[in-house]
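The following note sets out points on the structure shown below.

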Amino acid sequence: MNYCENKIADGISLISVDAKHFKTTEIAINLAVPLGKETASVNALVINMLSRKNKEYPSMAVLNKKLAYLYGAELSANINKFGDCQVLSIGASCVDDRFSLDGESISFECIKLLASLILNPKLDENGNFYQEDIDAEKRLLIEQIEAENNEKRTYVLRQAERLMFENEIYSTNKFGDIENIKNITAKQCIEAYHKIVETAKISIVVVGSTDTDKTVSYISEEFAKIDRKYTSLNETEFVPCAEKVKEKMERIDVNQGKLVLGFRVNLKPEDKLTPAMRLFCDIFGGGPYSKLFTNVREKMSLCYYCAAGYTKLKSCIMIQCGCNEENMDKAVGEILNQLEAIKSGDFEEEFNSSKISVKDMFLTFNDAPSLLEGWYSNQITQSTLKTPEETVSEIEAVTKEQIIQCAKLLSLDTVYKLSSPKEDK
Amino acid sequence: MKKVNSEILGDSYYEIEHESGLKIFVMPKENYSSTYAIFGTKYGSIDNRFKRSDKEEWTVVPEGIAHFLEHKLFESEDLDAFARYAKTGASANAYTSFDKTCYLFKCSDNFEASLEILLDFVTHPYFTAKTVEKEQGIIGQEITMYYDDAGWMSTFNLLKCLYKNHPVRIDIAGTVNSIAQITDKLLYDCYDTFYNLNNMCLAVAGDVTPEQVVKMCDKMLKKAPDIKIERSFEDEPREIVKDYEEYHLAMNMPVFAFGYKEECKKPEQDVKTVAETTVLLEILAGDTSELYNEMFEEGLINASFSKEYFTGYGYEAILFEGESENPNAVSEKIKQAVAKLKNDGISQEQFETARRSLYGKEIMNYNYVSYIANNFINCEFNGWDSIFDILEAYKTVTKEDIEKRLNCVMDEKYSALSVVKGK
């Protein structure tokens, strides 16, 4: 499925995917800013606050009523971390215009609403966000962080990242941190807001059957009102190899232990070998045919789950396992054995399975408008856009030699263990 | 083969009574390049006591056996199902719920080869004492994982508060002790009873034709013996067991589940009742409601708040779940809002807003082949005529229907709160 990219202003582009067969239109406005220890919390707070109300819809109840009137259109704010960038988004999903009972253009109404949420915030007579809105949002953002901590699988991954990247910006939590959030002032909020809309790299993604010309001209006109001071984003800090293995055992009251292994990957995000690295990661610990699933989980029963994830932008691979304490060292050893097996070229069957499965998975993106929107939104920090089909061709071209080459680029950096206190045993 | 159209959606599907006894649904989706197939049996964690029409005696089996069986079916004497799918590229999975077990895959290529694998492994069980024993260890770990899952624990603790006898109160995967009692013989008993094609359903949506599906079923499926299954549950009293439960985990943000046990007058709910209750819950606690907005502004709830009409064979409840620093205040607020709505009645505007929103959201679901295929299974096992009925019901339901429904449900006497919080 083809997309069309329109440059609207300096650092602002609109990507539209024309798809008439979907029932919905999906829209997202994404704003990428540098990730910073000092700014992450307030940026996260501001984007959440913008998604709740604005000048025209001054309370959540009024805004929600508008969304219900737009046939249950769904609105959400999202905060992501892509390398050393924090990406702030507001997205909407609404039914296509052909389902409107009164002939109104639902999708265009949604585009207008999203733009207005970003550009016309609800401010007091001094041009600040209302203190009560800030306070409410502080509570919600802290709860968002606490909820992530409730999920032990996410919690232990965050802890491992914090240790592994302790001297790098990347260790910053995408939501910021609780102590910082508590101290955010109204002045910081409005300053952060202006900085975001003025300097962020902005991509607006629309998937559906909207009138692209009308959307482009509307968005151009609206965003032209901002006094832009765009500067391009910095490259993510690249650490090619681990110096020595960092290890930590954290003890909290859990029923099941968790284990995370963090590997540095000596490969920059723009390198030609990244499609091979993606495939390598899938062979290593992706699908049920992968080395880790078939050996560490199935054959040896060391872990209930054992999966690898490649973060291209940060040049790292993280392996997550559900694992009892008594099996942890054995699991680490076995994971490293499996890596050696790939280095020695022992992955004939996994290679074929992985290629066909990864290819199949990317192509299903074209049938899910929300995934397609995410596909393009998530490329905001990249200089050139790729379609799922282009990614598939890159994967198809990967050779076995490249997989071996990729396996040799890994170095173990961090081993993080989570288990219950010893006296309970 | 019967073709069913929805004018609203512009979609059609085919319904087929296959000679093997299997019910088949196929929805071709124009311009789609992927396909989702799901093969399910009306057999879940609540089916622990049953009788076949060709046998005299009742069979009682250990808790968690349906889920155990799901795990075991992926194995065969030679290649397991995952290894076979690895050659077609399909991404496969399975799940067990209270009242069904389903096996599924999605793919963009090699659909027929993947469908052949699905139909083959689900109809060819292979268990031995040794493979059963190995699985007990793996499932034991899975069960333990749920004990750290706050959302899961709060839901199941609530069901234990509401239900005294009905097996909806037990964990879907059972317990380490209950699964220790599972044997290969018991697995075959359950398999032979519930994996009878007359008790199953196949649904496919996406880049597919009904002919492709029927051709593969002709090749792979044999006619199943015509047996009926009787389900029996101990009588469930109207009363609840207790109105509060608390569980502790290493965490900061408390998670809650608050619910009303409803009187289950017949074992399964019709589509009209489901639509009415869904609209009612949207009016009461949807994001345009006074209750939702007040609780949000007072700092009692966040975006994780949800509501559900939770119903299946022999059980019916209304659940509210989420995260809150003060779950007691949330449950009190909900009770007050119910009383107020019962007293004041529903306004035309509240009704129209909720209905319009639900109507749009249901249309949006039809983008997704996974939703469509799963919905076929749900509707078939619930005994509904068509997956399009719910959309029609949203169109035809009246404010008076909702008010009538309101007066039958959410009686404080039968409500309970379950909280999971830090130690």
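1. Over all chains, the count comes to 64 salt bridges, a salt bridge being a side-chain nitrogen of Lys or Arg within 4 Å of a carboxyl oxygen of Asp or Glu. Side chains of opposite charge can pair when their charged atoms come close.

2. On conventions, this is a predicted model, in which local features need pLDDT of at least 70, side-chain atom pairs count only at pLDDT 80 or more, and totals for chains, interfaces and linings use all residues. Residues are numbered from 1 along each chain as its sequence is written, chains are lettered from A and ligands numbered from 1 in the order in which they are written, and side-chain values use heavy atoms, with hydrogens and water left out.

3. The contact between the chains (heavy atoms within 4.5 Å) draws 58 residues from chain B and 56 residues from chain A. About 5000 Å² is buried between chain B and chain A, with carbon and sulfur atoms giving 53% of that area. Buried area here is the accessible area (1.4 Å probe) that two parts lose on being put together, summed over both.

4. Which polar features cross the interface of chain B and chain A? The rule finds 5 salt bridges there. The side chains of A:Lys23 and B:Asp11 meet in a salt bridge, at 2.8 Å from N to O. Between chain B and chain A there are also 34 residue pairs in polar contact, both residues being at pLDDT 80 or more. A polar contact is a pair of N or O atoms within 3.5 Å; within protein, one must be able to donate a hydrogen and the other to accept it, and residues adjacent in sequence count only if both atoms are side-chain atoms.

5. On the side of chain B that touches chain A, the elements giving two or more residues are β8 (101–107), α4 (129–146), β11 (244–249), α10 (290–297) and α12 (348–365) of chain B. Of these, α12(B) gives the most, with 9 residues. Helices (H or I, at least four residues) and strands (E, at least two) are DSSP runs, numbered from the N terminus. By class, this side of chain B has 24 nonpolar, 18 polar and 16 charged residues. Ala, Val, Leu, Ile, Met, Phe, Trp, Tyr, Cys and Pro count as nonpolar, Asp, Glu, Lys and Arg as charged, and the others, Gly among them, as polar.

6. A:Arg52 is placed in the loop between α1 (40–50) and α2 (60–69) of chain A. With 18% relative accessibility, A:Arg52 counts as buried; buried means under 20% relative accessible area, exposed over 50%, and partly exposed in between (1.4 Å probe, protein chains only). Neighbours within four places in sequence aside, A:Arg52 is in contact with A:Ser59, A:Met60, A:Leu63, A:Glu137, A:Leu140 and B:Phe296.

7. In helix α14 (residues 388–396) of chain A, the buried residues are A:Pro388, A:Thr391, A:Val392 and A:Ile395. Seen down the axis of α14(A), they fall within an arc of 105°, so they line one face of the helix. The arc is that of the directions from the helix axis to the C-beta atoms. Among what covers these residues are α9 (274–285), α12 (348–364) and α13 (369–377) of chain A.

8. A:Lys400 pairs with A:Glu348 in a salt bridge, the closest N and O atoms being 3.0 Å apart. A:Lys400 lies in helix α15 (residues 400–407) of chain A and A:Glu348 in helix α12 of chain A, so the pair ties together parts that are 52 residues apart in sequence. A:Lys400 is partly exposed at 27% relative accessibility, and A:Glu348 is partly exposed at 48%. In chain B, B:Asp99 forms a salt bridge with B:Lys100 at 3.6 Å between the closest N and O atoms; B:Asp99 is buried at 18% relative accessible area, and B:Lys100 is buried at 12%. A:Glu168, A:Lys246, A:Arg264, A:Lys314 and A:Asp413 are linked in a network of salt bridges.

9. Most residues other than glycine have a negative phi. The phi of A:Ser315 is positive, near 50°, and A:Ser315 lies in the loop between β9 (305–311) and β10 (316–322) of chain A, buried at 2% relative accessibility. The phi of B:Asn110 is also positive, near 55°. B:Asn110 is found in the loop between β8 and α3 (111–122) of chain B and counts as partly exposed at 33% relative accessibility.
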